[in-house]
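Subject: Structure handover

Hi,

Here is the structure I promised to pass on. Please open it alongside this email; my notes follow below.

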Amino acid sequence: METSRRMTAIRSFAAALAAGAVLSGAALAEPATSHNEAAASGKSVRVVVAPNLKKDCSIGPLPEFRIVTAPKNGSTITKTAKTKTPSSYRCPNKEAGVQALFYQSKDGFTGSDEMTVEIKTADGQVQTRNIRITVEAAATKKDGEPKKKDATDL
């Protein structure tokens, strides 16, 4: 009987410990956010940019992107650069490394596309972003030839 009570107590403790681990992991995740983007067919558009700044504005590791749900009608590419944060940012005019995620639709595709991205910030927080992209026909020159592809900047 005593062994049975001990086993029940151990199981209860293990369950509470497991629940605490799940809750502590959930505390690191922020609620998912959604936003819309517009893109021209076959052209790259920046959909996410994240700096390597922690909440206290100190420098941390570069953010990490993980594509949870890939776009069905396009592809993504990640680029790394350095930039100065805008004056309206929580850490104004600070030199920072950034990770940027770009989307490019398949040539000729028009319509809606969607993807979900997890971003691990410099503080270790995980943010989930649902991104809906409206892809419109690419602009053409007056003579009917498609415009030349532009370089994609951060």
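**Strands β2 and β5**

S44 has Q104 in β5 as its bridge partner. Keep in mind that this is a predicted model. β2 and β5 (residues 95-105) run antiparallel, joined by seven bridges.

The pair belongs to an open sheet of three strands, ordered β2-β5-β4, with antiparallel pairing. Its edge strands are β2 (44-51) and β4 (74-84), each of which pairs on one side only. On average, neighbouring strands of this sheet are turned by 25 degrees against each other, direction ignored.

In general, strands of a sheet pair through backbone hydrogen bonds, in either a parallel or an antiparallel sense.

β3 and β6 run antiparallel, with five bridges between them. R66 stands opposite E118 in β6.

β6 also pairs with β7. That pairing is antiparallel too, over ten bridges. Here T116 faces N130 in β7. The hairpin of β6 and β7 has five residues between the strands. In this hairpin, G124 takes a positive phi near 90 degrees.

**The core**

Which residues have the most contacts inside the largest nonpolar core? They are V47 and M115, in a core of 15 residues. The elements giving two or more residues to this core are β2, β5, β6 (111-120) and β7 (126-136). β2 gives the most, with four residues.

Look at V47 in the viewer. Leaving out residues up to four places away in sequence, V47 touches H35, E37, L101, F102, Y103, M115 and I131.

As background, nonpolar side chains tend to be buried together in soluble globular proteins.

**The disulfide**

The count comes to one disulfide. C57 and C91 form it, with their sulfur atoms 2.0 Å apart. The link of C57 and C91 is left-handed, at -90 degrees about the S-S bond.

Why does this pair tie together parts that are 34 residues apart in sequence? Because C57 lies in the loop between β2 and β3 (64-69), whereas C91 lies in the loop between β4 and β5.

Is C91 buried or exposed? C91 counts as buried, because its relative accessibility is 2% and the cut-off for buried is under 20%.

Best wishes

Methods:
Residues numbered from 1 in each chain as written. Predicted model: local features only at pLDDT ≥ 70, side-chain atom pairs only at ≥ 80, totals over all residues. Heavy atoms only, no water. Pairing = 2+ DSSP bridges. Axes fitted to C-alpha atoms, helices over the stretch in contact; angles between N-to-C directions. Disulfide = S-S within 2.5 Å. Buried < 20%, exposed > 50% of the residue type's maximum accessible area, 1.4 Å probe, protein only. Core = buried A, V, L, I, M, F, W, Y, C linked by side-chain atoms within 4.5 Å. Contact = heavy atoms within 4.5 Å.
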